[in-house]
Structure formats: C-alpha cells, structure tokens
Amino acid sequence: MPNNLFPPEFLWAASTSAYQFEGSFPSDGKGLSIQDKKKNRNPALDIACDHIHHIEEDVALLKELGLKAYRFSISWSRILPLGRGKINEQGLAFYAKLIGLLVKSDIAPIVTMMHDDLPWALEQEGGWSNRQTIEAFKEYCAILYEHFGDQVQFWQPICEQNLLTIEKIATKEGSLKEIFQQNHHMFLAHAHAVSLLHKMKLKGKIGPALNLVSVYPATSNPLDVLAAQNMALIRNWFYLDVLMKGEYPALMVEHLKTMHAMPDFEPNDLAVLKAGCCDMISFSNYTSATVMASQGSSFQDDTGLKYGFNMQGLFQIVKNPHLGQTEFDWEVDPIGTRLILMDVFQRYQKPIFIIERSLGENEVLDEEDEIKDDRRIRYLQLQIEELKKVILSGVKLIGFCTWSAFDLVSTGNGMKKRYGLIYVDRDDENPKDCRRVCKKSYAWYKQVIASQGNNLK
Ligand code: BG6
C-alpha cells in the first residue's frame, strides 16, 4: 500500500464523555442528570476519573501524545443545573479552562453537547416526550455557541441518538409511538442546533454523533437479505437521512405506519428539519451486526443488545461465524468499518469523522507498574489499515478518535472494562488517587500520529 495516505490535516484524536470521566458529583453547582438517577447506578460515577481535578495534567498528557483533536462532552446540567434558566458560572469556567488549555496546546476541541446525560429536571417534566425540552436544548446551545463558538472546531448535538431510541425499544420503555415521538423531538432539537450555528456564522462544523454498523445477512436467502436491509434502514439510514437531508425516508415512514409509531408532526416540523442539515458526518463504530429474517410475525420488539436489537417480523441478530470476539463478546470487524464508511460516503458525499472506536479490556497494572496492552495495539493497527484502504478508495475521511483517551467508567462494565490509552488507577469500589499511567498503546499511538499513520508497527 502506498505511503502518505492520511492527509497532513488528518485529525488523529481521542474521546471521552463528561459523566463517565469528570466526576465531582454533586458539587461545583452541577445539577443532577439522568445518569445520577439511574437504577443500579455505578457509584464509581461519583468521582469517575476525577478529571475535574486533573484537568491540567490531562491536557498535558494529550499534548505530549501529539493529539490533533480531542472529543469530550459538555455536561448540560453542569452549565444549566435545571436544564434551562440560571447558568452555573463554575460550570462555564470549567469548560472555558478546558477549551483554553486545548487550544493553547494546538488540540482542536470537538464538543458533544449531550452524551447520555439529559438534566434530571427536564426528565421529570417528561424528557424528550415534552416539546419544551427542545426549547431548553436551544437555550443551552445558544449559551455554548456564545461562550465557546470561536474556539470549538466541531460540534455534535446529541450522542448516539439511534442507540438511545434502540435501547428504549429493547427495554420496552414506553410504546413504539412514544419512543419514536421522543426520537422525533431529538431530531428537531438537533436541527435547531445546526440552524443556530449556521445563523451565528461560527467557524465550527457540525455533524451528528450516531453509532453506525455494517449490517450483514446471515445467509444469501433473500429473506435474510431483506432482514439486513430493514435493520440497516431502521438503525442507520433513517437517522442519517433526517439529519443530512432533512427528511424521513419513505420506506421508514411505511415501517412507522405499520408499527403504529409514526410520530405526530407540528406544521413547522418539516421546515425545521430541512433547515437543520449537517455539514459533515461523525459516527462511532465498534462492531457490525448480522441478522436473519425474524421468526415471529408481529411487529413487537424483542430482547436488546447494546449494538444490536431484534424486531419481530423484521430481523433478529445472530452471531457471525467469521468474526472473532473481544473478551466482552463484541465482534471484531475492521472490514465492517471500511464497508460502513464506503456506504455512508456513497450515500451522502460528505466528510466523515470516526469519533469512537477501540478495544475494551479488563486491565490491571503489572509488576513493573505498566499496562502492556498489545491486544489493543493490534486491534487499532488492523483498524487503521482499513482506514488507509478506505481513503485510497476515495472516501473523504477527515479524522479518527480512539475511545477512549483515558480509562473511564464503562456504561456496561464500570472500571472492569477499560478503553484508555492512559490508565486511571482506580477500581469500582475504591477511587484511590486516580493516578494516570500511560499504557503501551499511548507510546504506539504517539508514533502513529508523528508518522502520520505511516508507521503502525
Ligand atoms: C459508546 C458510548 O457507544 O460505547 C460510550 O458512546 C461507551 O459512552 C462506549 O462507553 C463503550 O461501551 P461500554 O458499554 O463498553 O462502555
């Protein structure tokens, strides 16, 4: 393969999210979010990785790594403790400091405006079922743009909206109609965030933060192929069509009608969606999905998995016999990443940024006080090889974030599942001192960045 496939402006990056990393609950004027009220909440989230008290050290480590961009989320309830109204100045000051340090270190800030942490006060008023939440989101966006709009290079309004919806379907949290109504309100909030950024003529680009996967049919049986197409539509293309083109795809409208789940539209909604189309596409991608035709006949939903879900009458997830799995049973599929990138680019022809991808492992410091994460390095090597091929085939890929820059509290497995290039010395029970220790993958990624992706050894 030729050298120098990654353009000099390629953004080698890494991600974190506020509630999984920052800590300092419930002080500093921060309001509660839905994460603080979750059933079976992991108490490790109280301090999480104590980023709030390690901010200088953390940015210095990112600078030393040579990172070109850093993706983090802003906690809505740290800025607006009740979701709207009175601003928490301490919260604003925290993010002003973080963004200032990043810019001074030549690291482009990528801001996700909501990563799974809707303010609790809004949730109590109905959350995304309530159209007033859209208004609150507009207010929050305006504050972020006003304070940070001249420094932030990339904005992402809502993290993994498609997974938020899928999770609700899988856990049967409400009727399908209610779930897709909430989803519609998130689309509107997203579109307003885009329109406002454009109206304010800020330099930053804005894109979704979806979670996309390649969907394979289990066999060449046309019914399995149909199942795969249906899943790809409901999981991937529905979201991208609305956020990139401002329209509900006709086939999805048919599905929603069959499910009695078509959301109610107010007269201006279509115009809002049309006016709020994104500039670029950003998405996370950890694995792929393989499906067969559903054995059931009704349209009820079924058991859910984080990255896959079943819909009776349409599709059901099966294991892919050609793929290996991580120790947490996630299928490893670097070629799947290439395929989804090609599909997305072919359909929308916009620059693409991969904003989350890497390997989650159970890790402990060895006797030399090190983490020799060779499996993560191998995982990323294979991944980046595929990115090269995709660039060679003409896809405009502008950046890649590993998930995550630092270890943080995993959504499903707490501190037992670590993703970081930088180890954080704590476990679920004991926060210890949250000491930072650079893993072997840190030195490896540093050299990948320095060689612009030419040296993956
Ligand atoms: C992503 C989420 O989809 O998956 C992250 O945006 C999450 O918040 C990541 O941590 C990995 O999932 P998990 O369950 O292994 O933490």
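This is a predicted model: local features need pLDDT of at least 70, side-chain atom pairs count only at pLDDT 80 or more; totals for chains, interfaces and linings use all residues.
Me: Which helix gives the most to the lining of the largest pocket?
Reply: Several elements each supply at least two lining residues: helix H1 (18–21), helix H5 (120–124), helix H7 (161–170), helix H8 (176–199) and strand S10 (301–305). The top contribution is seven residues, and it comes from H7.

Me: In what order do the nine strands of the open sheet stand?
Reply: Strands of a sheet pair through backbone hydrogen bonds, either parallel or antiparallel. In this sheet the pairing is parallel, and the order is S5-S4-S3-S2-S1-S14-S13-S8-S6.

Me: Which strands stand at the edges of that sheet?
Reply: A strand at the edge has a single partner strand, so one side of it is left without a neighbour in the sheet. The two strands in this position are S5 (205–206) and S6 (209–211).

Me: What is the bridge partner of Ala14 in S2?
Reply: Strand S1 (residues 11–15) pairs with S2 in the parallel sense, over three bridges. Across this pairing, the partner of Ala14 is Tyr70.

Me: Which residue of S3 stands opposite Arg71?
Reply: Strand S2 (residues 69–73) runs parallel to S3, and five bridges join the two. In S3, the residue opposite Arg71 is Ile110.

Me: Which residue of S4 stands opposite Val111?
Reply: S3 is also joined to strand S4 (residues 154–156), by three bridges, and these two strands run parallel. The S4 residue opposite Val111 is Trp155.

Me: How many residues of strand S3 are buried?
Reply: On one side of S3, Ala108, Ile110 and Thr112 are buried, and on the other Pro109 and Val111 are buried, which leaves both faces covered. The strand spans residues 108–112 and is largely enclosed by the rest of the structure, because the count of buried residues is five of the five.

Me: Is Asn285 buried or exposed?
Reply: Asn285 sits in the loop between strand S8 (281–284) and strand S9 (289–293). Buried means under 20% relative accessible area. The relative accessibility of Asn285 is 0%, so this residue counts as buried.

Me: Which residue has its backbone oxygen 2.9 Å from a polar atom of the side chain of Asn285?
Reply: Leaving aside neighbours within four places in sequence, Asn285 is in contact with Leu212, Val213, Thr337, Ile340, Glu356 and Arg357. The Asn285 side chain also reaches the backbone oxygen of Thr287, at 3.4 Å. The backbone oxygen at 2.9 Å belongs to Leu212.

Me: About how much space lies in the largest cavity?
Reply: The structure holds three cavities of 30 Å³ or more. The largest cavity is lined by 13 residues, and Tyr19, Phe25, Lys30, Asp36 and Leu45 lie nearest its centre. By class its lining has four nonpolar, three polar and six charged residues. The space in this cavity is about 120 Å³.

Me: What volume does the second largest cavity have?
Reply: Among the residues that line the second largest cavity are Tyr286, Phe328, Trp330 and Lys417. By class, this lining has seven nonpolar, three polar and two charged residues. The volume of the second largest cavity is about 60 Å³.

Conventions
Residues are numbered from 1 along each chain as its sequence is written. Side-chain values use heavy atoms; hydrogens and water are left out. Helices (H or I, at least four residues) and strands (E, at least two) are DSSP runs, numbered from the N terminus. Buried means under 20% relative accessible area, exposed over 50%, partly exposed in between (1.4 Å probe, protein chains only). Two strands pair if DSSP finds at least two bridges between them. A polar contact is a pair of N or O atoms within 3.5 Å; within protein, one must be able to donate a hydrogen and the other to accept it, and residues adjacent in sequence count only if both atoms are side-chain atoms. Contact means heavy atoms within 4.5 Å. On a 1 Å grid over the protein atoms alone, a cavity is a set of points where a 1.4 Å probe fits but cannot get out, and a pocket is an open set with protein on both sides within 12 Å along at least five of seven lines; lining residues have an atom within 4 Å of a point. Grid points are joined across faces, edges and corners, and a volume is the space filled by probe spheres set on the points. Ala, Val, Leu, Ile, Met, Phe, Trp, Tyr, Cys and Pro count as nonpolar, Asp, Glu, Lys and Arg as charged, and the others, Gly among them, as polar.
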